[in-house]
Amino acid sequence: MSEGHTDGEQAGSGTAGTPRLTVFRGDITRCQVDAIVTAANEALAGGGGVDGAVHAAAGPRLLEASRAIGHCPTGGAVITPAFGLPSRWVIHAVGPIWRGGRAGEPEQLAATYRSILARADEVGAVSIAVPAISTGVYGFPPEPAARIAVTTLSETPTMVGEITLVAFDPLTADLYRRLLQPDQ
Ligand code: AR6
């Protein structure tokens, strides 16, 4: 996690590269990155969990901005300013509700992570912090969710150079660390 923009060297001269993934255990609203991601619902109506924390830290203008957009389908993401947060943007990403795993949830979660990178690339955000989408209220099991997050974020072409995987609980942090260091 770094302060503000990086100098752009990591991404080379305008070509998509492979981002560096790191793990941070704690509250995403404290991350000093270009864009933080929140786990939103399709109505962009605010809620509990990470979305509650992000809206509380950003202030009421964040809800006004997301209400003005109004809707985002599952698998998608929209971007707004970050208002009172230390980052410049908030990416509101809608993951799937877990319905047993055979209703396309893994593909939808991968689509959500690709949409996050697409929104970041559109505004030139080179450092982002991402929570474990869908693993709270939406009930996606943590292990496959972590695997999909790491695989999709590391294999999708993007100009984002630094991705902080934010784990709120020790289990998720451990899953991410094992996936990033498979030999340990
Ligand atoms: N920082 C980082 N991660 C957090 C934080 C935080 N401050 N707080 C919770 N988490 P959830 P979902 C973790 O339920 O499952 C909302 O009401 C949490 O431990 O926030 O995608 C929305 O408005 C879990 O690992 O999101 C939607 O209606 C992860 O964030 C709905 O919940 C995601 O949990 C979305 O459900």
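Helices here are DSSP runs of H or I with at least four residues, numbered from the N terminus. With that in hand, a look at this predicted model can start at the ligand.

**Around the ligand**

Helix H1, which spans residues 49–58, gives the largest share of the shell around the ligand, with four residues. The shell holds 22 residues, and the ones that come nearest are Gly 48, Val 50, Ser 134, Gly 136 and Val 137. Sorted by class, eleven shell residues are nonpolar, nine are polar and two are charged.

| Residue | Protein atom | Ligand atom | Distance |
|---|---|---|---|
| Asp 51 | polar side-chain atom | oxygen | 3.1 Å |
| Ser 134 | backbone N or O | oxygen | 2.8 Å |
| Val 137 | backbone N or O | oxygen | 2.8 Å |

How much of the ligand's accessible area does the protein cover? On its own the ligand has 710 Å² of it, and the protein covers 90% of that. As for where the ligand sits, the space it takes is the largest pocket.

**The chain as a whole**

Zooming out, the chain has five helices and six strands. Going along the sequence, they come in the pattern β-β-α-α-β-β-α-β-α-β-α. If you want a box for the C-alpha atoms, they fill one of roughly 35 × 35 × 25 Å along the principal axes.

Definitions and conventions:
Residues are numbered from 1 along each chain as its sequence is written. This is a predicted model: local features need pLDDT of at least 70, side-chain atom pairs count only at pLDDT 80 or more; totals for chains, interfaces and linings use all residues. Side-chain values use heavy atoms; hydrogens and water are left out. A residue is near a molecule or strand if one of its heavy atoms lies within 4 Å of it. A polar contact is a pair of N or O atoms within 3.5 Å; within protein, one must be able to donate a hydrogen and the other to accept it, and residues adjacent in sequence count only if both atoms are side-chain atoms. Accessible areas come from the Shrake-Rupley method with a 1.4 Å probe; for residues, only the protein chains shown count as cover. On a 1 Å grid over the protein atoms alone, a cavity is a set of points where a 1.4 Å probe fits but cannot get out, and a pocket is an open set with protein on both sides within 12 Å along at least five of seven lines; lining residues have an atom within 4 Å of a point. A molecule sits in a cavity or pocket if more than half of its atoms lie within 2 Å of its grid points. Helices (H or I, at least four residues) and strands (E, at least two) are DSSP runs, numbered from the N terminus. Ala, Val, Leu, Ile, Met, Phe, Trp, Tyr, Cys and Pro count as nonpolar, Asp, Glu, Lys and Arg as charged, and the others, Gly among them, as polar.
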